[in-house]
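These are my notebook entries on one structure. I record what I looked up, entry by entry.

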Amino acid sequence: MLSIISGDKVKLLDAAFIKARQMRSLDLMENAAKAFFVWFERMFSAIQGEIFIFSGPGNNGGDGVAIARLLAESGKSVKLIFFQDKEQCSPDYQANFERLPSKVKVLSVLDFDFQITENDFVLDCIFGVGINRPIEGVYLEAVNKLNHISCHKISVDIPSGIPSDNILQGEAFKAEHTLTFQFPKFSLLFPEHAEYTGRIHVVDIGIPDEFILNFNEGKFFLRREDISRFHKKFHAFSHKGDFGRIMLFGGSVGKVGAMVLSSKAALRTGSGLVHVQIAESERAIIQTAVPEVMVAGAQEIKKLKSFDALGIGPGWGTEVDLAFYCSLLKRYHKPLVIDADGLNLLAKKPENLKYVPKGSVLTPHLKEFQRLAGEAKDHKERLEKARSFAREHGVYLVLKGAFTSISTPQGEQFFNSSGNQYMATAGSGDVLTGMITSFLGQGYPPLNAAICGVFHHGLAGEMAALKKRRGVIASDIIECVPGTFVELNIE
Ligand SMILES: NC(=O)C1=CN([C@@H]2O[C@H](COP(=O)(O)OP(=O)(O)OC[C@H]3O[C@@H](n4cnc5c(N)ncnc54)[C@H](O)[C@@H]3O)[C@@H](O)[C@H]2O)[C@@H](O)CC1
Ligand SMILES: Nc1ncnc2c1ncn2[C@@H]1O[C@H](COP(=O)(O)OP(=O)(O)O)[C@@H](O)[C@H]1O
Ligand SMILES: [K+]
């Protein structure tokens with residue numbers, strides 16, 4: 001699992017690693033440049049056009065100079081555009097500058113005519129994590145000009161102008177792709193920066209995850225290779241009961257679909273038995289749509305404790321009898337999942353939050369979270385609120401969206417890397433509720449249930465989008481859930 005380190009600690013991390021391995025910082029820069037080169041060759045194998053590398057005065061610029069050498073040596077046509085005289089640049093920049101082959105054309109930004117065509121590439125190596133103020137002067141002018149040119153645009157480590165841990169002030173380079181070293185810089189995960197970062201790719205530059213863990217600040221990035229360790233193993237003699245008995249509450253008149261989606265998703269995630277508690281008039285619909293589901297009656301409600309997990313809220317409506325809702329929360333002492341109207345009802349009467357069993361998983365989207373915790377001025381503040389909320393109420397808070405975050409009662413935050421924009425479609429949140437409830441019912445600890453739920457949900461969305469792109473609907477995500485177990489090699 002990757003730790004997300006703040007920008008000012010990156011220097012300390014690099015220095016410690018270099019010391020431990022008895023290498024030079026120049027070698028680490030070479031690793032970074034090579035990692036970029038390998039990625040670039042894989043992504044853009046047959047390029048036409050020239051590569052324009054804009055390199056600033058620090059080590060991000062130094063990366064750019066080293067990249068210029070590697071690309072030129074592989075036969076590409078490369079121009080290096082600099083902002084400061086070499087003497088004013090970082091020592092590793094200077095060392096790389098000395099190694100530039102003569103076929104790299106080098107010119108000052110002041111002499112550059114910005115004649116860049118559609119097939120050309122611009123590599124933004126102006127500033128990295130060392131940026132300490134908004135860009136201005138020649139930097140701002142160049143970035144503004146580049147932002148108006150249409151060509152392939154790639155930022156190295158972070159789009160220049162964006163601070164690594166804060167919201168952008170002023171302007172920044174707008175990339176199609178950002179290739180970030182070792183771990184995603186925190187601010188790359190903010191929706192405010194989506195138009196600058198483009199697609200984010202993380203490449204390894206040789207610092208082991210365990211080494212970075214020494215510098216961890218409680219923020220982690222979840223990748224596909226991290227997920228299997230959060231899963232529970234089943235054996236050949238496992239029976240229906242081992243896969244859990246869950247009950248879902250939701251689905252009012254006109255919103256039964258939410259329950260259809262949640263319950264189907266739970267079954268596809270592996271639940272042995274799924275009961276739903278739904279308005280009487282709507283029962284025929286769900287039994288027709290999902291024959292594997294059982295409709296719960298008064299008997300099952302009485303025996304609440306016999307269920308391994310509950311999921312509350314999708315399509316429930318806000319007319320639900322609050323006394324009934326509170327009695328569920330009070331009578332059930334194990335972690336449960338709350339989503340949608342289950343959350344909206346709590347937001348209306350926050351005093352009821354005290355009845356939510358400790359360790360429960362709450363899954364608001366941004367608007368639902370705002371109702372629960374109040375307005376935030378930006379995503380950084382919102383994430384802070386999410387962290388405080390999870391701590392204060394002893395719950396796992398899953399804040400949904402791109403890079404869904406999971407805040408724990410201990411104050412840690414996990415960021416998901418799977419999923420795509422095509423999942424922003426009606427009902428995809430209901431699918432997630434069913435999946436997390438299912439894992440919880442299969443005996444997963446709540447954090448594991450949330451992590452596996454969120455990752456597999458996103459991966460199913462990616463698989464559905466392969467053939468359907470913006471045509472993906474929530475049911476397609478469900479159909480792809482079983483394939484995610486195959487894809488991740490989970491039994
Ligand atoms: N050994 C290392 O430290 C490694 C660093 N790497 C690269 O180095 C980058 C960090 O390098 P640096 O710490 O040199 O930081 P930058 O390359 O971001 O540059 C910082 C320099 O620019 C100046 N500066 C900051 N904001 C400015 C502004 N708005 N206008 C004008 N000047 C400004 C600073 O005073 C400083 O001199 C990383 O993002 C990564 O790309 C990689 O090569 C991997 C290894
Ligand atoms: N741009 C995106 N990238 C990744 N995942 C997304 C994106 N947009 C939405 N999602 C995911 O889709 C789901 C939408 O949930 P929600 O907003 O509750 O939808 P609904 O209420 O329609 O069910 C969440 O799991 C969210 O993380
Ligand atoms: K950059």
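**Entry 1. Basis and confidence.** I am reading a predicted model, in which local features need pLDDT of at least 70, side-chain atom pairs count only at pLDDT 80 or more, and totals for chains, interfaces and linings use all residues. Residues are numbered from 1 along each chain as its sequence is written, while chains are lettered from A and ligands numbered from 1 in the order in which they are written. I looked up pLDDT, the predictor's confidence in each residue, from 0 to 100. The protein chain averages 96, and 100% of the residues score at least 70. I also noted an ipTM of 0.92 and a pTM of 0.96.

Entry 2. I looked up Ala340, which is found in helix α12 (residues 340-348). I take helices (H or I, at least four residues) and strands (E, at least two) as DSSP runs, numbered from the N terminus. Ala340 is not a glycine, yet its phi is positive, about 45°. Ala340 counts as buried because it has 25 C-beta neighbours inside 10 Å.

I then turned to Phe403, in the loop between β16 (396-399) and β17 (405-407). Phe403 is likewise a residue other than glycine with a positive phi, near 50°. Its 21 C-beta neighbours inside 10 Å are why Phe403 counts as buried.

**Entry 3. Pro364.** I placed Pro364 in the loop between β15 and α13 (366-373). Pro364 has 26 other C-beta atoms within 10 Å and is therefore buried. I also checked Pro364 against Leu273: the two are 91 residues apart in sequence, and their C-alpha atoms are 25 Å apart in space.

**Entry 4. The 11-stranded sheet.** I traced an open sheet of 11 strands with mixed pairing, in the order β1-β9-β18-β17-β16-β15-β14-β13-β10-β11-β12. β1 (2-3) and β12 (294-295) stand at the edges with a single partner strand each, so one side of each has no neighbour in the sheet. Two strands count as paired if DSSP finds at least two bridges between them. Within this order I looked up strand β14 (residues 337-338) and strand β15 (residues 361-362), which run parallel and are joined by two bridges. Ile338 stands opposite Leu362 in β15.

Entry 5. UniProt, in an unreviewed entry, places the feature "domain: YjeF N-terminal" at residues 10-213. UniProt positions follow the numbering used here, feature names are shortened, and annotations may be inferred rather than shown by experiment. I find this span to be 36% helix and 17% strand, with its end C-alpha atoms 12 Å apart.

Which strands does β7 pair with? Strand β6 (residues 152-156) runs parallel to β7 and is joined to it by three bridges; β7 also pairs with strand β8 (residues 199-203) in the parallel sense, over five bridges. Val156 stands opposite Leu179 in β7, and the bridge partner of Thr180 is Val202 in β8. Strand β7 (residues 177-181) is mostly covered, with four of its five residues buried.

**Entry 6. Ligand 1.** I count a residue as near a molecule or strand if its C-beta atom, placed from the backbone, lies within 6 Å of it. There are 27 residues around ligand 1, and Gly58, Asn59, Asn60, Gly128 and Gly130 come nearest. The elements giving two or more residues to this shell are α1 (7-21), α2 (25-43) and α3 (59-73). For classes, I take Ala, Val, Leu, Ile, Met, Phe, Trp, Tyr, Cys and Pro as nonpolar, Asp, Glu, Lys and Arg as charged, and the others, Gly among them, as polar. The shell around ligand 1 then has 12 nonpolar, 10 polar and five charged residues.

**Entry 7. Ligand 2 and α16.** I list 18 residues around ligand 2, the closest being His365, Ala402, Gly419, Ala424 and Gly429. α15 (428-441) and α16 (446-468) are the elements that give two or more residues to this shell. α15 gives the most, with four residues. By class, the shell has five nonpolar, 11 polar and two charged residues.

α16 reaches 32 Å from its first C-alpha to its last, close to the 33 Å expected, taking the expected span as 1.5 Å times one less than the number of residues. Arg469 follows α16 and has a positive phi, near 45°.

Note on methods
A residue is buried if 20 or more other C-beta atoms lie within 10 Å of its own, exposed if 12 or fewer, and partly exposed in between; C-beta atoms are placed from the backbone.
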